[in-house]
Amino acid sequence: MSRIIAIANQKGGVGKTTTAINLGACLAAAERRTLVLDIDPQGNATSGLGLGPDGDSPSVYEVLVDGVAVDQAIRSSGHLPFLDVLPATRDLVGAEVELVERERREFVLKRALEPIRSNYDYILVDCPPSLGLLTVNTLAAADAVIIPIQCEFYALQGLSQLLNSVRMVQRGINPDLQIEGVLLTMYDRRLNLSRQVAEEATEYFGERVFRTTIPRNVRLAEAPSFGKPIILYDILSQGAQSYLALARELIERDDAAAAPDVSEAVLPGATG
């Protein structure tokens, strides 16, 4: 089953890119065919996986604006055999303006991904920290959205705006879009504030809050400067172990959802 999962929150600095890179790498380490799609013009997921500008290779900008076939823009991560990257460049800044006059502009990404969707078990999309046309395109193409929340004072502020956008997308252009889960990042169990944010998130989202939390971790912060996911930079770090646990939790959820419901099945010969 192929799944497209947007990693979105209009707030910056909450761990979207860190999650796209490291959850993607951990899923690939579990031999799930994974594509990390960087649709943030900052291109941090691209550089965080060690890919730099390549003047000869198209990026997601050329896919969206020029109609270049998406398989021509996908590059191997070079880190893990099951991990590919669809990179972003600064050119993507202009895409929202260039797409605004396009007919059915909300579905440009969805149409672009259709030919390669079955090549992957997971396509993780690192969204920009805004609710513009690039994010709307991502939500229109996605099956689900993961919302990282930083465990700090303003964590839940602005979240209602993102949830309103998700509901608008569900009503208008993608009724199948689901909230996969809320991920607590930069969590410090020693702090009352972290526990308070976790309680509030659980009160609002219930079981959709991932059991796994991502701690504030120096090794996680260092890894992008070496162009490596955390499991290749320091597999024993707390950050690496947390993202491995998150990948396991996501796979378990998907396996449980895909399993047939036998709770009401009647065995042959059973008479009741």
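Helix axes here are lines fitted to C-alpha atoms over the stretch in contact, and angles run from 0 to 180 degrees between N-to-C directions. Please bear in mind that this is a predicted model.

I begin with a helix pair. Helix 1, residues 16–29, packs against helix 12, residues 238–258, at an angle of about 70 degrees, and their axes are 9 Å apart. Angles from 65 to 115 degrees count as roughly perpendicular, and the two helices are therefore roughly perpendicular to each other. Their crossing is right-handed. On the side of helix 1, the contact is made by Thr 18, Thr 19, Asn 22, Leu 23, Cys 26 and Leu 27. Helix 12 contributes Tyr 243, Leu 244, Leu 246, Ala 247, Leu 250 and Ile 251.

I turn now to helix 8. The end C-alpha atoms of this helix, residues 159–172, are 20 Å apart, which agrees with the 20 Å that its 14 residues should span at 1.5 Å a residue. Which residues of helix 8 are buried? They are Leu 159, Leu 162, Leu 163, Ser 165, Val 166 and Val 169. The face turned away from the buried side carries the exposed residues Met 168, Arg 171 and Gly 172.

Finally, backbone geometry. Most residues other than glycine have a negative phi. Glu 31, however, has a phi near 65 degrees; this residue lies in the loop between helix 1 and strand 2. Glu 31 counts as exposed because its relative accessibility is 56%. Met 186, in the loop between strand 7 and helix 9, has a positive phi of about 55 degrees.

Technical notes. Residues are numbered from 1 along each chain as its sequence is written. This is a predicted model: local features need pLDDT of at least 70, side-chain atom pairs count only at pLDDT 80 or more; totals for chains, interfaces and linings use all residues. Side-chain values use heavy atoms; hydrogens and water are left out. Helices (H or I, at least four residues) and strands (E, at least two) are DSSP runs, numbered from the N terminus. The expected span of a helix is 1.5 Å times one less than its number of residues. Buried means under 20% relative accessible area, exposed over 50%, partly exposed in between (1.4 Å probe, protein chains only). Angles under 35 degrees count as roughly parallel, over 145 as roughly antiparallel, 65 to 115 as roughly perpendicular and the rest as oblique. A crossing is left-handed if the near helix is turned anticlockwise from the far one by less than a right angle, and right-handed if clockwise. Contact means heavy atoms within 4.5 Å.
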